[in-house]
Amino acid sequence: MTLHVLMVAAENDALPGGKVGGIGDVLRDLPLALTELGCRVTVVTPSYGRLADLRQLGHVAALEVAFRRANIPVEVVEVAGREHVPQVRHIVFDHVDFSPCGRGTIYCDDPPDRPFATDASKFALFNAAVAEALKQYCIGEIDVVHLHDWHSALLLLLRRYHPAYRKLRSMRFVYTLHNLALQGVRPLRGDPSALESWFPGLRYAKALVTDPRWPDCINPMAVGIRLADAVHTVSPSYCDEILRPSDVAGAGYYGGEGLQADLVAARQEGRLHGFLNGCDYPDQLAPVPEWSSLLELMRAENLRWTAARAQVGGAHFVAHVRLSEMSAKRPTFILSSVGRITSQKVRLLAEHAGDGRAALEGVLDALGDDGLLVILGSGDPVLEQFLAMTSARRRNLLYLSGYSDVLSQALYGSGDLFLMPSSFEPCGISQMLAMRSGQPCLVHLVGGLKDTVKPGINGFGFEGKSLLQQADGLLAALREALVLRSNHPRRWSTMRKAAARARFSWRSTAENCLNLLYRAG
Ligand code: GLC
């Protein structure tokens, strides 16, 4: 019998405009790998006022969803993915409340005094609509519902407590947590974006719903961990790390972010699993550009981002100046880094190393005048400014503030060493993409980075019990890499080959899903 899996998520990169981060990649690739094992997969997301405009393949349903004491009309449509795969369907739920921050925006930024308010209401309505669709069987018979991160976790609450959705109990529900740093915590009541405002009259057991630190708040991430039939995180090491409490201030490790007791319980009940995401390995990778073409591409992308705004941004201007100064000769060593500019990804570069200066300064010292650090990505304005200001002082830092697929690909191929100093990393995809192109990585040995990069064999790593030790470890590892590259070219080339040969296959991820999550129990 074919297993029909319904994936419920905020992102789906099989649809143009459906991705912000790594979850989008997973929802693009994992369904394909599951179909190769004989499954049928349907992926559902909100339309965000835009995805329903993709080529429609059919009208699935017009739902009336009970939400905030009203019946909300939600349209459900099937749309075409980037490529046609018979066993994978993409379905989007459409209603104006799925685009409260403008057409096409997947996540909203709420002010610090009302974190997650807009998104939590949006995803609560989405979850209720998916529950209604499941109850009416409009997406067909479903065997397994696979939820991703806090955005879809309220389905478990509706399944458990909502009298209209008892039918959902006959289906298996599994939950993947991609990033414990985002939990979607909201009040139980007393706010328009609160559990009892969304579902008035719902009777629930507080202990199963509330946050361990804020007993008057619902924590959707905790609901996912407590109520799913199986829970999964995206690497074995991250799965171990989150069982301990966080010590972000002191040792700088992230642990279970307040939910460690729930995670330990899930582990003891045999419900918690950790296995790696995969990476796609096409027969042919895009050709590695010559330095002159790379330079041209960086200039063009930076100008495009500059032109897209009414005013010239500081980071774009500094990058423009740095790019104009660059000569036709390739730097002797390119340290590259691609990813969102968030505290998770780049905080360590701003931390003090043993010499009292930001670790980034030490990195640039080590690279010297002939080396170059290229950082591509956008995100947190404070961190972006830190990078732009450092680049304004230091010629061997090029900070490109934006997102560009073609430039990312070019950098995966062109860099000599790929830097990923993440404070924590549930799995990470960039390091796999860099390795795939034969670029060894220098990483903080945590989570998925520890499970993919093998220091001395296909890359370099560092760890440390405090932020200071980590910053010093990073610099020591970089110096080691630079020495290896200039003094031992044969060993360097062996390392590059080992990086290119490493395989993290989606097939094995899909097999683990089947054996550990979908079929168990
Ligand atoms: C999140 C994590 C990242 C992981 C991705 C996909 O974005 O931060 O480490 O690779 O989810 O699971």
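## Enclosed cavities

A cavity is here a set of points, on a 1 Å grid over the protein atoms alone, where a 1.4 Å probe fits but cannot get out, and its lining residues have an atom within 4 Å of a point. In this predicted model, the count by this rule comes to 3 cavities of 30 Å³ or more.

The second largest cavity, with a volume of about 50 Å³, is lined by Ala120, Phe123, Ala124, Asn127, Trp150, His151, Leu154, Gly184, Arg186, Trp198, Ile218 and Pro220. Helix 2 (residues 117–135) gives the largest share of this lining, 4 residues, and by class the lining of the second largest cavity holds 8 nonpolar, 3 polar and 1 charged residues.

The largest cavity has a volume of about 110 Å³ and is lined by 13 residues, with Ser337, Val338, Lys345, Val346 and Leu419 nearest its centre. Helix 11 supplies the largest share of the lining of the largest cavity, 3 residues, and that lining divides into 9 nonpolar, 3 polar and 1 charged.

## Ligand site

The residues surrounding the ligand include His178, Asn179, Val234, Gln344 and Cys427. Domain 1 (4–278 + 506–518) and domain 2 (291–501) both give residues to the shell around the ligand, so the ligand lies between them.

An oxygen atom of the ligand is 2.5 Å from an N or O atom in the side chain of glutamate 425, and an oxygen atom of the ligand is 2.9 Å from an N or O atom in the side chain of asparagine 277. At glycine 428, a backbone N or O atom lies 2.8 Å from an oxygen atom of the ligand. Of the 310 Å² that the ligand exposes when taken alone, the protein buries 90%.

Conventions
Residues numbered from 1 in each chain as written. Predicted model: local features only at pLDDT ≥ 70, side-chain atom pairs only at ≥ 80, totals over all residues. Heavy atoms only, no water. Near = heavy atom within 4 Å. Polar contact = N/O pair within 3.5 Å; in protein donor to acceptor, adjacent residues only side chain to side chain. Areas by Shrake-Rupley, 256 points an atom, 1.4 Å probe, with all protein chains shown as cover. Domains from an automatic or database assignment. 1 Å grid on protein atoms, 1.4 Å probe; cavity = no way out; pocket = protein on both sides within 12 Å on 5 of 7 lines; lining within 4 Å. Points joined across faces, edges and corners; volume = space filled by probe spheres on them. Helix = DSSP H or I, 4+ residues; strand = E, 2+ residues; numbered from the N terminus. Nonpolar A, V, L, I, M, F, W, Y, C, P; charged D, E, K, R; others polar.
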